[in-house]
Each structure stands twice: as C-alpha cells, then as structure tokens.
There are 2 protein chains.
Amino acid sequence: MSTKSAYEHAGVDIDAGNRAVDLMGAAVRSTYGPEVLRGIGAFGGLWDAQKLRAMQAPVLVASTDGVGTKTIVSAAMDLYENLGQDIVNHCINDILVQGAEPLLFLDYVAMPALDPTKVARLVSGAAEACREAGCALIGGETAEMPGVYREGQMDLVGTIIGVVERDDIIDGSRIKVGDVLYGLASSGLHTNGFSLVRSIFPQERWPKHESDLGTTLGEALAAPHRSYLPAYGALKGAVDIKGMAHITGGGFPDNLPRILPDGLGAVVRRGAWDVPPLFRLIERKGGVDHDEMYRVFNMGIGLVLVLSPNGGPKAEELLPELVCMGEVISAPNEGSPDKARVILA
Amino acid sequence: MSTKSAYEHAGVDIDAGNRAVDLMGAAVRSTYGPEVLRGIGAFGGLWDAQKLRAMQAPVLVASTDGVGTKTIVSAAMDLYENLGQDIVNHCINDILVQGAEPLLFLDYVAMPALDPTKVARLVSGAAEACREAGCALIGGETAEMPGVYREGQMDLVGTIIGVVERDDIIDGSRIKVGDVLYGLASSGLHTNGFSLVRSIFPQERWPKHESDLGTTLGEALAAPHRSYLPAYGALKGAVDIKGMAHITGGGFPDNLPRILPDGLGAVVRRGAWDVPPLFRLIERKGGVDHDEMYRVFNMGIGLVLVLSPNGGPKAEELLPELVCMGEVISAPNEGSPDKARVILA
C-alpha cells in the first residue's frame, strides 16, 4: 500500500535501480585489482594507469557491442548469468584479435521495467567472466525504458578497454599467400544468428530436450560465449600470430576479409572439423541453405588464427585443440565484395 | 525484386548495417587526432597512449550511459543529431565531475529494424560533440533487434574513457561545512525525466508551438545536453574545485550526496535562479508536486560546483554565469537516506 510518486507512476522507479546496484555490488567488487581506485556508485570508475607508463608504447584498444536477440532466448530459459558472461567474452574476443588484453569493462542493461534480481544476475555473470580475464568491471548503468522495449525484453551492451604494446599489435598486414588458417572451437552460437534461430524454433520448443544435443534446445542456444584469452595466452610470445578473426555475425565470409590484406583471399576447408549437432539441427529443421549457414553462424569455429606454415607445428604442440582448417590464397575475385574473397571449400 | 536470404527474412539485413557504417564514416574520422591508429570497421579502435606515459600519474576514468526515453521525443521530432550530441555530452559531464577530460568515446545504437540514415545522423551528432571536446569517436556498434525494441523505437548508449592526473582527481573528500554551491545552467531537461514528461504531454502536443517557450514543446524537450567541459576549462588550475555533481536522474537530492562526505549535507536555495519556462510548464500542466520536480529534473541547473567561500569571487570573475545557489551544512538527518541530506530551501 505504498504511495507512488508521480515519477513512479510514469513507469520509472528510481529506488528499484538503487536496490539492483546494492545486489550486484559484491560481485563487481570481486573483479577489482589494486588499480581500481573507486568503483560502482561514483559518477565514473577510476583506474590507475601506472601500468601503462611501465610499457614501451602502450596502445589502448576499445570496443563496444551487444548480445543481440540472444537476450530473448537466455531470458526465456532463465539463464541470465550466461548472458552476462556472453557480453564480456564477446568483447574480450573482439579486442583479443588485435593482440590486446582486457583492462576495463563496463556494462549497460536496459529493460522496460527494471527487475533488480535479473540485473544482479546478469551483472554477476559479467563479473565472473571479468574476474577470469583479470579485467575490472569498472562501471555500468541500468536503464528503465518504458515504451522503448517490448514487455519482458531487454538489451545488454558491453564496452571493453584493453591494451597492447604497439609492436605486438596483430593486424593481418603480414599475412601472405600460403599462410595457414587454424580454428578454435566455439561454445555454440555465441551471440550471433539468434533472429534466424528464433524464426525456425518457436519459444515453446526451447525447453524441450533434444536427443541430438543431450540437453534442451534452449540451454544449448544459451551456452555462454567462449573467451579465447586463455588459448591466446598459450601461444603468445611462442608463435608468430599474423592475424586473428573473431567469427561473429556474417560468419567466415564477413569476418576473415577484415584481416586479409588487399589482393588476398582464403579457402576454408569445411571438412576439416565436425560441425556440432546444434548447427546441423538448425540447418535441417530450418531448411537453411548450407552456404547461408556459414554466412550467419560460426559453425563450430569461433576464432581463426593465421600462422605462417612453419609456425603450425609449434602452435599445435602448445595448443592441441587447434584445427588446421584452410589457407590464404590470392584473392579469387578482383574487385568483388569482400565476402567473395572467402571460398568455402 | 531482390532475392532475400533466409537471414534477411528473419529480420536482420546485414547489408543495411554496412551502408550505415559507410555513411557515418566521414563524420567519425573527423574526430581522429594523430593518436588514433585505426578506426571504425576494424574489430576494435586503436589509440596510441603515449600521452599517458608523459603524465605523472594518469588515472583512467570510464563511464557508460544511455539517453533514456529522450529517444522517443527526439525521434518523433526528427532531431537525431541532437540525440547524438546528448549521449556524448552526458558522458563527458559524468567523468568531468571527477576532473577527467575525455579521450575516447564509443557508441551503441539499437533499433528493431536498422535505418542507415537515422544511424548516420545520430553518429554524426555524436561525432560533432566529440570533435568539440577533442575526443576520438573510436568505435561503435549498430544492432538490429527485432522482437526486443518496439516498432519505431531505439536505444542509444555511449561509453567514455577520460584521464585525470591522480593529484587532480575531484572527489568531494575535502568538502566541509560552509563551502559554497555554484550552479551552471542546463540547456533543458538534458536526458532525464522523459518518462514523466511523456505521461503529461501526449505526442500530438510535441510539434505545437508554445508561446511560453518561443518554440515547439518537442524542440525544447529535444534540446541537446550541454557539455560543461569548456566551463570547467575556464576554472581549471585557477580555482580549487572541491566537488562537482552532474544533476541527472534524481535531481539535487540524489546527485549532491554522491560527492558529500559522511556527516555533511547541502542547502539548495531555490530562489537563487530562475527556473526556466520549460520546467514551469511541466509542473503546471502535469500538476506535479513542486518538490517532486526537484527530485526528477535539473530545474535549470545541470552542474553544481562546490568551492570554498574564498574561492567564489575568483570563480565568478572567470566564469560570470556561475550562480551562487547554496552551501554545505552538517547532515540534517543522521542515518537517514542520502537524499535527506539535501534541503531544498
């Protein structure tokens, strides 16, 4: 029987926001190293950059992204922590491909009506992924936007700031014909292709056990995005990595050309790895064209590394899960769109 | 008569995203100084941090935020550039209150169906505000989220990274009883209070000229958020600023306590400035309680500075628009919620 103020009646409950901040505070603080001078609740997070002064030529690398409509599936499956991990690991991978290691992360959660428990679970998942990566969750914002978001929906956005020594930037510029593509397994769809998946499988289907998957479809779809930071750590300094591509929206055809110098293309040998059952299920049930599958999904490979041929054996020794999956060629189609530079063999 | 792929049918048009990136590219590049090593289109933006190495004890300050449901009004009034300026200036102010000056900005735009022209106009507005602040718009993301956002709606999120010398951090810790509050005028509602405003004024009303305002209600509501960076620049180094509060959601009662040390409160003398006509119109037409107005809106003061009494005259000389608007007192209500520490006199 509380009396609501005019502002609460209009759809925004400021106190609900304050409760959410309290709940997630402990998880967030667990990501703080000694560099964090002040955390959540201040206007902006403070991070002591002395560590950068100790570097030869520090370069900051920043990226912002969302988790797309994976929010719909993970919310329906009540797997909010997963979604928090998703956004962090997606961002980690996006800067890792340039050789950068994460320093700071900030999250943004928006809903039509703020649910403090859901926000706290999302942020706890994000904090867990940050902690594993040695990254400080230095700030965040929760927004209540009645009229903008559909009922029960939400968006989750992350921004990451990392650092790399200038000489260690990985940009693909040294890639040449004959270099080899190595792949690392994805942990599922990661955060891409969910609009298509949802058009194929109605929500009633998500909680059902799928014998092909050994779990429910929804849990398989909501599996957290893998971070490739530990895998990169195993190779860093020991293997000359010429380029790395995070396979996100647009698949191999859209993401590989981002690191290939002009005039070069790539052959992806699709027989080199087993496409996981989840992708085969989507293709079969959705009647999706086989090539289109590779333009939308990662198809089981979430990160591609480009190495010189003589770097391969050492890399495979250090990281046995590497899959040799193709090679760099002369651009097959001069003047064609970027995606035509990738041949799916 | 184009053939759509399965993915486009599901609501996501990858090529539309690529067109938007092309359109806004020029505006974004105009924000680049020599520190930007690589911009939009790469996986992550690169920023040469040599400048930080030249500092004594650099501290990074980061913040992320959205523009709330101001999106609804600015979109309806077709003032997308304003909204781009809003998010940048809001973020600038959020880190400025700790003494930080902006280095990098990243934006995130999400819509149910991507409109490349609207995205380009939003980002152009953001780029303009970044350019004025000497801040690089180093990255961004556009997301198409059918099923999450209501038709015609959108969200706009920004993340800023700035830097401050450790000794120059402004955190309110030296504030004491008798210090003086100075205010700087806002440029309207900034980005707060829009849910309440929309519950009072239906959309049909926004395009109508209001004689009290000298413009349409919609244009007055969509006025871009002011950046206080130039005003701060006029005082920096010459005046000892003990604390600054950006008056956002929750108004004076929620934002002033964020910088007041334990045991201290503040008196805000509401007679010290003229509340602009826009706020008076909202109060009158909405029948909003007078005190509640100060808990939701900035009421014409967007930034509050706390100075020692003897710093006032110099500050007023350097920045004549400063309004002496209150003072710091002993906390009036021991153990009460933070907001009770602010007395609206």
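In chain B of this predicted model, helix α5(B) packs against helix α6(B) through B:Tyr80, B:Glu81, B:Asn82, B:Leu83, B:Gly84, B:Gln85, B:Ile87, B:Val88, B:Asn89 and B:Ile92 on the α5(B) side. These residues meet B:Lys118, B:Arg121, B:Leu122, B:Val123, B:Ser124, B:Gly125, B:Ala126, B:Glu128, B:Ala129, B:Cys130 and B:Ala133 in α6(B). Two residues are in contact if their C-beta atoms, placed from the backbone, lie within 7 Å. By class, this contact of α5(B) with α6(B) has 11 nonpolar, six polar and four charged residues. Here Ala, Val, Leu, Ile, Met, Phe, Trp, Tyr, Cys and Pro count as nonpolar, Asp, Glu, Lys and Arg as charged, and the others, Gly among them, as polar.

Helix α5 of chain B covers residues 80-96 and helix α6 of chain B residues 116-133. Helices (H or I, at least four residues) and strands (E, at least two) are DSSP runs, numbered from the N terminus. The two helix axes come within 6 Å and cross at roughly 40°. Axes are lines fitted to C-alpha atoms, for helices over the stretch in contact, and angles run from 0 to 180 degrees between N-to-C directions. α5(B) and α6(B) are therefore oblique to each other (angles under 35 degrees count as roughly parallel, over 145 as roughly antiparallel, 65 to 115 as roughly perpendicular and the rest as oblique).

Residues are numbered from 1 along each chain as its sequence is written, while chains are lettered from A and ligands numbered from 1 in the order in which they are written. In this predicted model, local features need pLDDT of at least 70 and side-chain atom pairs count only at pLDDT 80 or more, whereas totals for chains, interfaces and linings use all residues.

Chain B also contains an open sheet of six strands with mixed pairing, in the order β10-β12-β7-β13-β11-β14. Strands pair if DSSP finds at least two bridges between them. β10 (241-246) and β14 (342-344) of chain B stand at the edges with a single partner strand each, so one side of each is left without a neighbour in the sheet. Within the sheet, β11 (residues 264-268) and β13 (residues 323-330) of chain B run antiparallel and are joined by five bridges. B:Leu264 has B:Ser330 in β13(B) as its bridge partner.

Chain A is divided into domain 1 (6-168) and domain 2 (180-344), with bounds from an automatic or database domain assignment. The centres of these two domains of chain A, taken over C-alpha atoms, are separated by 25 Å. At their boundary, 22 residues of domain 1 of chain A are in contact with 23 residues of domain 2 of chain A. On the domain 1 side, α5(A) gives the most, with nine residues. In chain A, strand β7 (residues 180-185) is joined to strand β13 (residues 323-330) by four bridges, and the two run antiparallel. A:Leu181 stands opposite A:Gly326 in β13(A). Five bridges join strand β11 (residues 264-268) of chain A to β13(A), again antiparallel.

Between the chains, 70 residues of chain A are in contact with 69 residues of chain B. Strand β3 (residues 58-66) of chain A supplies the largest share of the chain A side, nine residues. That side has 38 nonpolar, 22 polar and 10 charged residues. Strand β2 (residues 45-48) of chain A and strand β3 (residues 58-66) of chain B run antiparallel and are joined by four bridges. A:Gly45 stands opposite B:Ala62 in β3(B).
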